[in-house]
Amino acid sequence: MKDRIRLSDGGGGLDSRELVDQIASVLSNPVLSGLEDSAILDGVEGRVAFTTDGFVVKPTFFPGGDIGKLAVCGTLNDLVVMGARPKALSLSLIIEEGFAKKDLMRIVTSIKETAGDTPVVTGDTKVVEHGSADGIFVITAGVGVQLKGANPSASRLTEGDKLIVTGSVGRHGASIMANREELGFSSDLLSDVAYQGDMILPLFESLGADVKVCRDVTRGGMSAILSEFAHSSDVGIEVMEADIPVDPDVKGLCDALGLDPLTLACEGRSLIGVCPGRLDEALEILTGNPLGSGTCQIGEVVADHARMVHLRTIIGGARILEPPAGELLPRIC
Ligand code: MG
């Protein structure tokens, strides 16, 4: 049964050597192919950004992506939103015995394609007994170098700063939810999972430290991040519901299931705060990239109600936007 992963594929012997060689040949690059105990990186100088994430998404393959693409995008996006240019990735795979080998190689191929110029320079493969994991879990880490002048932080917002979102929100969460077997309906609602570097890095190159804060919108959605900004910077935030873009298919699913799109994850969007005088330039740079074509201002930092986010609703009222409570949807990323 060589078309399924066996325990011996992770045992450290000949079978596992064969599997590692197959994976390494797909990810192929000079640093990885040495298969040393550590990757040695040349040319990494300056302020180094370093991030890690574990991915357990269910289903493993979903419309618009798969666990491999999600892992690479998630990790690279965490580097670029800090104004850092990605240099290298690590990849650890935890695979359940019996997982289809062709699915594994499809995921590895997707990782290679998504990572583009950023090499996977080190990795690990483990196999656990059937029932001890659910298919495959992927753990990635990324290293990058921060661009000169970039200094984004959730604690740097001050009164008057403008808040921007790079497109419609809630799409990844809605896609995963719509494709969960247990919910009993199927949908081709595509995830927005995407690498954001080509959109975000030019913004840091032009605006430098005038990008006050930048976060990729993931678990907890816009609500979680806005409230984190308000708390970390000790400021009030005001957002206009009518200005927050939500695609009709995402809105339709949210209405049907009673969900708030502002609490759903994205995997290809960022929420950015800039100095007021740089707003037009920021909008021009972001909308100039296809991924950011839907970029718009959604609100600003205000003098009152520190640590609170006020949402001006479409019908003219106001409500306090809270971070989502409890577990909305496990294993979304
Ligand atoms: Mg992030």
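The largest cavity in this predicted model is lined by K2, R6, D9, D15, E18, L19 and K101. A cavity here is a set of points on a 1 Å grid over the protein atoms alone where a 1.4 Å probe fits but cannot get out, and lining residues have an atom within 4 Å of a point. Helix α1 (residues 14–27) gives the largest share of this lining, 3 residues. Helices (H or I, at least four residues) and strands (E, at least two) are DSSP runs, numbered from the N terminus. The count comes to 1 cavity of 30 Å³ or more.

The largest pocket is an open set with protein on both sides within 12 Å along at least five of seven lines. It has 26 lining residues, of which V20, L35, G123, D124 and T125 are the closest to its centre. Elements that give two or more residues to this lining are α1, α2 (30–33), β4 (84–96) and β5 (120–128). The largest share, 7 residues, comes from β5.

| Space | Volume | Lining residues by class |
|---|---|---|
| Largest cavity | about 30 Å³ | 1 nonpolar, no polar, 6 charged |
| Largest pocket | about 560 Å³ | 12 nonpolar, 8 polar, 6 charged |

Each volume is the space filled by probe spheres set on the points, which are joined across faces, edges and corners. Ala, Val, Leu, Ile, Met, Phe, Trp, Tyr, Cys and Pro count as nonpolar, Asp, Glu, Lys and Arg as charged, and the others, Gly among them, as polar.

Residues are numbered from 1 along each chain as its sequence is written, and side-chain values use heavy atoms, without hydrogens and water. In this predicted model local features need pLDDT of at least 70 and side-chain atom pairs count only at pLDDT 80 or more, while totals for chains, interfaces and linings use all residues.
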